[in-house]
Amino acid sequence: MKALMFYGGSDMRLEDIPEPAPGAEEVKIRVKWCGVCGSDIHEYRSGPILVPTKRPHPRTGKLAPVVGGHEFAGEVVEVGSEVSRIKPGDRVTVKPTLPCYRCHFCQQGRHIQCSSLALLGGAADGAFAEYIVAPAENVHKLPGGVSYEAGSFTEPLACAVHAIKRGGMKPGDNVAVVGAGPIGLLTMQAALACGAAQVVVFEMTPERAALAEKLGASAVIDPSAGNAGKTMAGLTDGLRADVSFECAGPAPALLLANEVCGKGGVIVEVGFMAGKCEFPFQDLFLREKSIVTSQGYVDEFPAALALMANGRVQCEPMITAKIFLDEVMDKGILAMLGPEKMKQCKILVAP
């Protein structure tokens, strides 16, 4: 079968590899759609990050090359001898994290911080291929009415739900979201579904701003058009946001999230910041604000699937391109690094 292999930074190759066979407690899935994630872009541009290139990964024993891709949905075609909950023909998605469940952090229920955490598409073969094998315990059935396309959003939506929990958002809170990329739009919708009084999105790209409006943002503000903090204050009787989510990544986005966050508020860093940031911590001190980070998810897949099933979160409007596996480099990875990258939201790949 064809598969996109991650060898390391700036080295990804489309190759022919054997079809995988499931072990006793594994499931073989025919991949229908796999999303191009920001972490795939980081792996290409700045890697190796998740792909083990110097020594085999302690959890999986894998060494580069590894099949990439971890946001996916598909149809079960074969199950191992010890699997009974999942059957051939089931429509499924998969939680791609592979924690050990034994280390100090796993014992605390903090699986995303596992001392030997692996990821399908990072330290184990992923879904940029026709077939993938995954542990049966990681497999979740898609509810009726949730398409394969929407099912491929379960993983990033779980990240958004985890961010809501990390920020301690309560029903009735005023919320700000900085950045209307995939994670920002999913966080916006999750916050509204969890009872936010209003969710104000800050986004400069017209295409992404329009998408935020379409998906239900209470207001969409171009932060370059004026004083974003005063704008947020004007929408909240001077209080600004109770919780602000930074979902873009660059340092100026975190500063903006602080600017629109009110006294006693919480700033949630969701975007991946690769560089350094000079931050006015005295502003936190004087206003008793807090910064927390949110990385990945733990047990949020069922909640993510429920939000899609009941229509509170819409994913398909976020799809800006559908491509084939042999187009991933030119129309997927490189498209997200080129001059038109901000016009893209989510690119899905059909193996």
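A cavity here is a set of grid points where a 1.4 Å probe fits but cannot get out, and its lining residues have an atom within 4 Å of a point. The model examined is a predicted one. A search of the whole structure turns up 1 cavity of 30 Å³ or more, and the largest cavity comes out at about 40 Å³.

Turning to the packing, the largest nonpolar core takes in 53 residues, and Leu-157 and Phe-245 have the most contacts inside it. Helix H4 (residues 154–167) supplies the largest share of this core, at 7 residues. Once neighbours within four places in sequence are set aside, Leu-157 is in contact with Leu-186, Ala-304, Leu-307, Met-308 and Val-313. Apart from this core lies another one, made of 45 residues, with Met-1, Met-12, Val-92 and Val-328 among them.

A loop residue also deserves a look. Asn-138 sits in the loop between strand S9 (131–135) and strand S10 (139–141). Its relative accessible area is 2%, and the cut-off for buried is under 20%, so Asn-138 counts as buried. Leaving out residues up to four places away in sequence, Asn-138 touches Thr-93, Val-94, Lys-95, Pro-96, Thr-97 and Leu-98.

Notes. Residues numbered from 1 in each chain as written. Predicted model: local features only at pLDDT ≥ 70, side-chain atom pairs only at ≥ 80, totals over all residues. Heavy atoms only, no water. Core = buried A, V, L, I, M, F, W, Y, C linked by side-chain atoms within 4.5 Å. Buried < 20%, exposed > 50% of the residue type's maximum accessible area, 1.4 Å probe, protein only. Helix = DSSP H or I, 4+ residues; strand = E, 2+ residues; numbered from the N terminus. Contact = heavy atoms within 4.5 Å. 1 Å grid on protein atoms, 1.4 Å probe; cavity = no way out; pocket = protein on both sides within 12 Å on 5 of 7 lines; lining within 4 Å. Points joined across faces, edges and corners; volume = space filled by probe spheres on them.
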